[in-house]
Amino acid sequence: MAEPGTAPVSKKKEPRKTFTPDEVARLKAAFQTVDTNRDQVLDAAELAALFRTAVPDLPPAELPALVEGVLEVADVNRDGTVNLTEFIRTFALDYGVFDAAVQRVARKLTRPEVEQLKQVFAELDRDRNGLLDEGEIDRLLEGTFPYAPIAELRELRAAILQQTDRDGDGRVNLTEFIRSFAHEQGVFPAELAEARAAGNTPCS
């Protein structure tokens, strides 16, 4: 019997699924994507960020209840967070609390896709400092949308930085750049990868 104030946790229920090494690797990659502060657990803030991205139409007032419900199911040791083992366990037991969100937020890129994005980033990074600053993003957008009004391009640049600049330094590093594609945020122009595949990166 569970102690007062704690949710009952069944210790008799065995996982109904087993995973291949590749499936485990994919789940670990998804976990690491959501674990933005790299402390090896998903806290309430990270869970909220996950579901805000995965369910954009969710009313803000409903978000705390959703996070609380996820923790109720997934947080076995009741420390207020979800560790990797608990995260994988929810998939093994078919609880479904993360399935749709993870599929929406963390698409696993193939190695060729990652290598292509690295090359695109290197071509955009004119000063070779490992960062895309406002000027480099502006050149990308001006080359991609040559007839767009400057004011609209600046708004687009601001939107790109808002979505991709995780560390708040006003620039986009390689990890942030690749992450935007893994999360299918759509903030960088679709023409970018298409042009690179054709050997004609905008503003190159």
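Modeller: Two quantities describe a pair of aromatic rings: the distance of the centres and the angle of the planes. The model shown here is predicted. Three aromatic pairs are found when the whole structure is searched.

Colleague: What is the geometry of the pair formed by Phe31 and Phe87?

Modeller: The rings of Phe31 and Phe87 lie 5.4 Å centre to centre, with 65 degrees between the planes. Planes over 60 degrees apart count as edge-to-face, and the pair is accordingly edge-to-face.

Colleague: Which helices does the pair link?

Modeller: Phe31 belongs to helix α1 and Phe87 to helix α4. The two residues are 56 residues apart, and their pair links distant parts of the chain. Ring pairs also join Phe31, Phe87 and Phe91 into a cluster.

Colleague: Are Phe31 and Phe87 buried or exposed?

Modeller: Both are buried. In soluble globular proteins, nonpolar side chains tend to be buried together.

Colleague: Which residues touch the most other members of the largest nonpolar core?

Modeller: That core has 19 residues, and those with the most contacts to other members are Leu42, Leu47, Phe51, Val67, Val82, Phe87 and Phe98. Two or more residues each come from α1 (21-34), α2 (44-54), α3 (63-74) and α4 (84-92). The largest share, five residues, is that of α3.

Colleague: What does Phe98 touch, leaving aside residues up to four places away in sequence?

Modeller: Phe98 touches Leu47, Leu50, Phe51, Val70, Ala74, Val82, Phe87, Thr90 and Phe91.

Key:
Residues numbered from 1 in each chain as written. Predicted model: local features only at pLDDT ≥ 70, side-chain atom pairs only at ≥ 80, totals over all residues. Heavy atoms only, no water. Core = buried A, V, L, I, M, F, W, Y, C linked by side-chain atoms within 4.5 Å. Buried < 20%, exposed > 50% of the residue type's maximum accessible area, 1.4 Å probe, protein only. Helix = DSSP H or I, 4+ residues; strand = E, 2+ residues; numbered from the N terminus. Contact = heavy atoms within 4.5 Å. Phe/Tyr/Trp six-rings, centres within 6.5 Å; stacked < 30°, edge-to-face > 60°.
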